[in-house]
Amino acid sequence: MQKPVRIAPSILSADFAALGDEVRAITRAGADYIHVDVMDGHFVPNITIGPDVVKALRSASRKPFDVHLMISPVDPYIEAFVGAGSDIITVHAEAGPHLHRTVQLIRSFGVRAGVSLNPSTPASAVYEVLSDIDLILVMSVNPGFGGQKFIPDVLRKIETLREAIDALGRDIDLEVDGGIDDKTAKLAIAAGADVLVAGSATFKGGKSRYAANIRRLRGAK
Ligand code: DX5
Ligand code: ZN
């Protein structure tokens, strides 16, 4: 069942020189999840942050830390991200040949497990682990950078996954990531998404705007 819309600001668009303050600010502004984009310069063409930064930010918010790992290999780093205080750990279906093993590894630590799909990866790539996961993250841009343009073709995949989740009847978040603004938020929600990652759209205009930005995205119908 599609749940009420939740907003997960991506701190990739925050002021990196003041990350703790930024996390406090989006928490006050109504963020539901804190979305952390981890990139390795190998699986994606950019390098961001590691577990030590997640750990340092942990005390800045009580909201769930939604940690999106765009790294390969991923298994050797799961434990460190659990130890840093992640609540949800999402890995890419494309990041390695043993998605099932990776998902079980995440679950073995008692945190929520998510699987992300690149724009060119079909919905079916997640079907065999649907009973084991808590979140599906549909990439609506090619991962690596904030501020890219939403790829409308992924809307069909969101619809397909909404049907699959509802048919199974499990509580699985359907999250969409990349190019979300007031307009594309509406399209993603209509297709069946119930968590929206938003970097640029949350952080635009500075701190005094965060609450209004989040409210607008959430209310997009
Ligand atoms: C892209 C990241 C996204 C990104 C979203 O690789 O996974 O979370 O930061 O940024 P916007 O909302 O600006 O497209
Ligand atoms: Zn992300």
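So, the shell around ligand 1: E2 gives the most to that shell, with 3 residues. Strands E2 (34–39), E3 (65–70) and E8 (195–198) each put in at least two; strands here are DSSP runs of at least two residues, helices are H or I runs of at least four, and both are numbered from the N terminus. Quick bookkeeping: this is a predicted model, where local features need pLDDT of at least 70 and side-chain atom pairs count only at pLDDT 80 or more, while totals for chains, interfaces and linings use all residues. Residues are numbered from 1 along each chain as its sequence is written, chains are lettered from A and ligands numbered from 1 in the order in which they are written, and side-chain values use heavy atoms, with hydrogens and water left out.

How many residues surround ligand 1? There are 20, and the closest are Asp37, Gly144, Asp177, Gly199 and Ser200, where near means a heavy atom within 4 Å. By class, that shell splits into 8 nonpolar, 10 polar and 2 charged. Nonpolar is Ala, Val, Leu, Ile, Met, Phe, Trp, Tyr, Cys and Pro, charged is Asp, Glu, Lys and Arg, and the others, Gly among them, are polar.

Now the polar contacts, meaning pairs of N or O atoms within 3.5 Å. An oxygen of ligand 1 is 2.7 Å from a side-chain N or O of aspartate 177. Glycine 147 has a polar backbone atom 2.9 Å from a ligand oxygen, and for the side chain of histidine 68 the figure is 3.3 Å. Taken alone, ligand 1 exposes 390 Å², and the protein buries 99% of that (Shrake-Rupley, 1.4 Å probe).

The space taken by ligand 1 is the largest pocket; sitting in one means more than half of the molecule's atoms lie within 2 Å of its grid points. A pocket is an open set on a 1 Å grid over the protein atoms alone, with protein on both sides within 12 Å along at least five of seven lines; a cavity is a set where a 1.4 Å probe fits but cannot get out, and lining residues have an atom within 4 Å of a point. The largest pocket holds about 320 Å³, the volume being the space filled by probe spheres set on the points. Its lining has 28 residues, and Gly146, Gly147, Gly178, Gly179 and Ser200 are the closest to its centre.

And the largest cavity? What lines that one? Ile11, Leu12, Phe16, Asp37, Thr48 and Ile49 do, around about 30 Å³.

Note on methods: A polar contact is a pair of N or O atoms within 3.5 Å; within protein, one must be able to donate a hydrogen and the other to accept it, and residues adjacent in sequence count only if both atoms are side-chain atoms.
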